[in-house]
Structures are given as C-alpha cells and as structure tokens.
Amino acid sequence: MSTTHAVTNQAPPRQDLDEYGSHPALVEAVERYGAGWAGERLGRIGVLVGGADFQRDAELANVHGPVLATHDRYGNRVDEVELHPAYGRILGAALGHGAHASCWTESRAGAHVARAAAFSLFAQIEPGHACPVSMTHAVVPALRATPALADQWVAKATAWGYEPGLRDPAGKSAVTFGMAMTEKQGGSDVRANTTRAARADDGTYRLTGHKWFCSAPQSDAFLVLAQAADGLSCFLVPRVLPGGERNRFRIQRLKDKLGNRANASSEIELEACVGALVGEEGRGVRTILEMVNQTRLDCVLGSAAGMRQAVAEAAWHARHRRAFGALLIDQPAMTAVIADLQLEAEAAVWTGMRLAHAYDADDEASVGFRRLATAVAKYWVCKRGPGHAAEALECLGGNGYTEAFPLARRYREQPVMAIWEGSGNVIALDVLRAISREPETLEAFDRELQLARGTDAVYDRHVGRTRALVEQARRDPDAAPGIARRVVEALALALQASILLREAPPAVADAFVAARLGEERGAEYGALPPGVDAAAVAARA
C-alpha cells in the first residue's frame, strides 16, 4: 500500500458491544418502572443489535430496498413485494424477541416497559422494520373489540416469531399487520375518506377505494377505514382469503421515500376487497383510538431510539478522534455539544419509558395521564429528532454526511416520526381537544408535574407559566389554536423536567432544567448555560 494512504486517526467501528448495558438511561428507566426482571433478556438483545452482523444487515436492508411485482411472468396479478433477506433477518429477530407482543403475552408488572425497551433497542439500529413491528403490536386492542376476530387473529399476531410469505393465514402460526387509513384527498382528516364498504350476504364487507399511504404492504392483514352505511368504520382486510385465494388488494406503486429504504410503503387500491367489520359500524375512529395511542407511543420510542443512536455515534467518534492536539471529547466546545445532545436523548428515553409505565396500569389516573401525555410527548420528542440528528451528524464531520456511516440514514429517517400518526398541528390540536373535552386528562398530567414541585425554583416558575398558558387556551377556545404549539411545548418541557428531577442523576436533571427552562438557555446545541457539568452528562452518552 502506498505510504500516502496510511489510515490513522479514524474511529474504529462502533460495533460488537452491548447496546443495552452501555445505555445507562435505558437501564435505569427499566429498573425504575418495574421491568428489571427483563434485564437479562434486554442484555441479550443489546448484544445482538450491537453486533457487526446485525449492523451489516441494517446497512444491506437499506441499500437493497424492496421491489414490487404487480404481475407474474404470465400476466397474473400477484401484488407481491420482494424484500432483501437482511430485512427479513432483522424483522425476524425483532418479532422473535417479542418486540411487538411481549406486553400482551406476559401478564406482569412492567410488561409494557420491557416491550418498549426491546422495541427501542431494535429501532436504534434499523428503524424501517419498526413500522410493521409497531403496527402488529398496536392492532391487538382494536381486535379485542370484536371477539370473533380476536379469536382468529390475536394469538397469531402476538406469537413470538416471523413467517414471511403470502398464504392462507390459517396455515401460519405468526402473522404481521399493517394499517391503511389515509387517502389522497384527506390525509389526517380520515372522515373525508371516500373508500366504501358494502355489506355482503355472508356478513363480510366488500371494500372499494384507495389508500395513499399503506406501509408494509407485504403484511398478512390490515386495518382499514372505509365508509359503511352508518358512517366511517374499521375493517380487517386479509391479503389472502381462507382457502388461499388472493384478496383484491392492489399495490399500485411503492413510495420513493426520504427516509429508510428497508421497509416498503405503498399506494393501494381495493377492488371489492373482502373485509370484516372491527367494532361497530360508524364508530371506526373510536375503534382505532387505542391503536393510535399505542403507535404514537412507538413514535416517541422510535425518535428516542434514534437520538440514542445519534449521540452514541457522535460520542464514540469524539472519544477516538484527535484534533488540535487533543481528543475531541476533551475539548470544551465538543464536550458541551455531546452533553447537550445527551440531555435531549436522555429526556426522550425517560419520557418514553414513563409513558410505557402508564400503559402497564388501567386505573383512572394512568389512563388519563397517558391520554394527554402520549400526545404531548409525540409532538415534542418527534419534533426534536431531526435537529438532534443533524447536530450529531455534524460531530462526525464529512464522515457523517456519507451513507457509509449510519447517521446519514438516521438524519433522513427522523422526520417521519413527526408525520406518522399525526403531524405537528394535528397533534397540537388533539392536545387542546383533550384539555377541553377530557379535563381529567389535564388533572392527571398536572399531578405528574406536581410531584417535582419544590425541587427546583426554575422548574416551579416554568410550571406556573405553563399553567397560565393552558388556562389562557381554555378561556378562549376560538383563539387557542393560534397558541397550540406553545401550549404543547410548555407541557412537554414541564413533563420531561418533572421526570428527570425525580428519576435521573442530579447532574442530568439540573443541566436539563438550566438548558431548557432557564433564562440563560441557548438556542443551539452546545450553548449550555454556566454551571452545567457537561463532562458528567457527556460521560453517559
């Protein structure tokens, strides 16, 4: 090799490590919220996803994306999506470790927290497969609304395993689910849907129409919203009918997305497609509400997982790269950036785990809290993801800007979490709706904030301002949408600060309050106020 090409001062690959054991915030949150019993399992997952083979599969699955075959070579309509084997290995590993279903199959305290942690570990390395994992997880509450469908599908949807390929679901021990809700003309306004559902003599329905976004079209079955005689309703639409005949579920094209390339997203048309009613006619939105809450939680978890990957990669580079006579991590400007990125990631992780803990109980207080807090966190954590990824990518310099390193992928992926299951304005208005129509949710949320009152004067002042802002929105509902984002931002920061003040190490909690709520807070990452112990915070990255 030429002496001009000696490779020096490059960080080694960040691989073959335990992504769980090396993630102190996640380990602490799992213990705090009652899932310490899952530590050994999570450690095994951490070693798996931290391995070179898994990370190589994550790369391959995104380099070699899905390919649509609408017809076979004889001209028969088949509507199949060919996925790279690396994607199948990743999805199979996640499903095989219960990242979609452990909370439904393990009746014990902390089950939702354990599932959330497993989901996060897989999503940290490869986010595309997390879409079908999340959807398969989230359909269970909706299916349980119709016992006959639950008997047929829930055991297969919650099985710890993966059986790819389109065939009669009766012959499969494990299935995956997708969702097809939005249409060209409506987007988040699903009541504007035009897809029709006509009841057949056998009690099933025939759905005719289109869906503008249908993720993971290779799944075994889908929940679909369509207009029935009594209004918008929810239906279960299988890809393959009993006996093996293909349902008339037409994949028109795959989306050319900004984000991950591993998972297919598509446009579909339904041609008298057979479906079964889930819940009651005319109550489709109500039927999917709990499903939406579950997927919104996974948006928070997915964004937090992305933040963890971003700051971990940035810190790894800074600990191994020298510039201007010292390691980057030891230079105050870089220490401050890594610390600030860690504050954001740690707040997101703790918030996601606290929300998962709320799903482990069904008492009135937990239900009320998670109804409002899930929407608040979904708005804020997912909004913070793209900027966080950009700053972390910058820490790697030119390396970060290339597809050979994982942060370019992460930078492209983070925006989807703020769009999926309701973009910013949709979520902010939902928060206002909950505050107005379900006052018990605000009371439960405020009790959570009250738990940290008196521990920090800056926090107390922020909570006071937040309460005044919420009251302003309640007094003038017509003007409230104009300040909706301010309200949600204030609530989110108050929630994160409350959790960290009570649960995180003092260095983290104090730094977060100063950097996010204090008068000397900076606008950019790394602009930390005086008094923050940046080295102590950065050491947790």
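The model is predicted, so local features need pLDDT of at least 70 and side-chain atom pairs count only at pLDDT 80 or more, while totals for chains, interfaces and linings use all residues. Residues are numbered from 1 along each chain as its sequence is written, and side-chain values use heavy atoms, with hydrogens and water left out.

## Further salt bridges

Side chains of opposite charge can pair when their charged atoms come close. The whole structure contains 35 salt bridges. One of them joins Asp 220 to Lys 172, with the closest N and O atoms 2.6 Å apart. This pair links distant parts of the chain, 48 residues apart: Asp 220 lies in the loop between β5 (205-215) and β6 (221-228), and Lys 172 in the loop between α8 (147-157) and β3 (177-180). Both Asp 220 and Lys 172 are buried. The helices (H or I, at least four residues) and strands (E, at least two) named here are DSSP runs, numbered from the N terminus.

Asp 340 and Arg 516 form another salt bridge, their closest N and O atoms being 2.8 Å apart. Here too distant parts of the chain are linked, since Asp 340 belongs to helix α10 (residues 332-358) and Arg 516 to helix α18 (residues 506-516), 176 residues apart. Asp 340 is buried because its relative accessible area is 3%, and Arg 516 is buried with a value of 11%.

## Helices α11 and α17

Two packed helices are described by the angle between their axes and the distance between the axes. The axes of helix α11 (residues 364-395) and helix α17 (residues 484-503) come within 9 Å and cross at roughly 100°; axes are lines fitted to C-alpha atoms, for helices over the stretch in contact, and angles run from 0 to 180 degrees between N-to-C directions. Helix α11 is therefore roughly perpendicular to α17, as angles of 65 to 115 degrees are classed, whereas those under 35 count as roughly parallel, those over 145 as roughly antiparallel and the rest as oblique. By class, this contact has 11 nonpolar, 1 polar and 3 charged residues. Ala, Val, Leu, Ile, Met, Phe, Trp, Tyr, Cys and Pro count as nonpolar, Asp, Glu, Lys and Arg as charged, and the others, Gly among them, as polar.

Leu 495 is located in helix α17 and is buried, with a relative accessible area of 2%. Apart from its neighbours within four places in sequence, Leu 495 is in contact (heavy atoms within 4.5 Å) with Thr 351, Phe 369, Ala 373, Phe 445, Glu 448 and Leu 449.

## Strand β3 and its partner

In a regular strand the side chains alternate between the two faces of the sheet. From β3, Phe 177 and Met 179 point one way and Gly 178 and Ala 180 the other way, and all are buried. Strands β3 and β6 pair in the parallel sense over 4 bridges, pairing requiring that DSSP find at least two bridges between two strands. The bridge partner of Phe 177 in β6 is Ala 221.

Technical notes
Buried < 20%, exposed > 50% of the residue type's maximum accessible area, 1.4 Å probe, protein only. Salt bridge = Lys/Arg side-chain N within 4 Å of Asp/Glu carboxyl O.
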